[in-house]
Amino acid sequence: MSALPYDADLVVVGAGPAGVAAALMAASLQLRTVVVEADRVGGALHRIGAVENVVGGWSTGAQLADALAADLVRLEEAGRCIVVRGRAAAVRGHDNRAEVMLEDGMVLAAAAIVVATGVETLTPHGVGWISAPEEFVAPPLWRAAPEDVVGRTYVLGGDRPLGTWLRTHRKSPQMLHVLHPAADDYKVAEVVGDARVRLVPVSRVAVTRSAYGAEWLLEVTDRAGRSTSYVANTVLGNLGNQPASLRGLVSGQDAYCPTELQHPRVRVAGDLRSAQFQRIATAQGSGAEVVLANYYAEQRI
């Protein structure tokens, strides 16, 4: 693509569905590619218990993650990409190159960068509609096994892992009382009618320690301003995500980082683009698409 002394034609940050799809497309275009991954290939796929809307016949996210890892191994062994283990800290675009700065001080230069760092799980202390003492911890719903769901169980938030959990544990009879803000209304629509779910629209929730010791008291304010108190044996978190952004990316009003706001040599793929695009299939498609878009832009076709 260029005679400039880049470390690669393309640097892909993140080895989830979008990042691996980008690497595969880059390899098919004969681009020298470096993939930067801080943790394990597949990322959030490892915590998805049931996959139903992805082609390929996968049953779980972990199975798909293993397949992505095998794809990268195949590319590395063929000399078609290099995987660098490290955590990216920042990106920067220039007229003739783009750069990725890693936390250990390494700088990788390329003709273009694809950032596919995805999202991070929100906690109760990170959302405005919940107040809770510092010591309060709500284990994530996606990590809970049916035997962890004990007694009166309240779920904070109506993010999509709720539907995934119900599909994964179809035989679990446990009732989940789901407290969700208006922003989650469109997400909980997929579980309406499931007898194991009681949806409770709320505007605010205040969590305090119950006088009974091991239990939690939830002071819930509904959207009409009425207050109700609930005592919970188990409280799980299902609050959604926030962008796992890097310094140098431009965020929109919702804190996500759509490609159109970035430097022309910095492309964004996967969940990082928008909360509404958080699907495995759209992440994979976006990873491949941004590589093609950059390739044709460089070729000026």
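I count two residues as in contact when they have heavy atoms within 4.5 Å. My notes are on a predicted model, where local features need pLDDT of at least 70, side-chain atom pairs count only at pLDDT 80 or more, and totals for chains, interfaces and linings use all residues. Residues are numbered from 1 along each chain as its sequence is written, and side-chain values use heavy atoms, with hydrogens and water left out.

**Entry one: the cores**

I looked up valine 35 to begin. Leaving out residues up to four places away in sequence, Val35 touches Val12, Gly14, Ala15, Ala23, Leu72, Ile82, Val83 and Val84.

Next I looked up nonpolar cores: sets of buried Ala, Val, Leu, Ile, Met, Phe, Trp, Tyr and Cys residues joined through side-chain atoms within 4.5 Å. Buried means under 20% relative accessible area (1.4 Å probe, protein chains only). The largest core has 32 residues, and Leu10, Val35, Leu72, Val114 and Val291 touch the most other members. Two or more residues come from each of E1 (8-13), H1 (17-28), H2 (61-77), E6 (107-115) and H5 (280-299). H1 gives the largest share, 6 residues. Helices (H or I, at least four residues) and strands (E, at least two) are DSSP runs, numbered from the N terminus.

**Entry two: the strands**

I then checked strand pairing, which needs at least two DSSP bridges between two strands. Four strands make an open, mixed sheet in the order E8-E12-E13-E14. Its edge strands are E8 (130-131) and E14 (227-232). E8 runs parallel to E12 (204-209), with 2 bridges, and serine 131 sits opposite alanine 206.

Elsewhere I found E4 (88-93) and E5 (98-102) antiparallel, with 5 bridges. A hairpin of 4 residues connects E4 to E5, and glycine 93 stands opposite alanine 98.

Note on methods:
Buried < 20%, exposed > 50% of the residue type's maximum accessible area, 1.4 Å probe, protein only.
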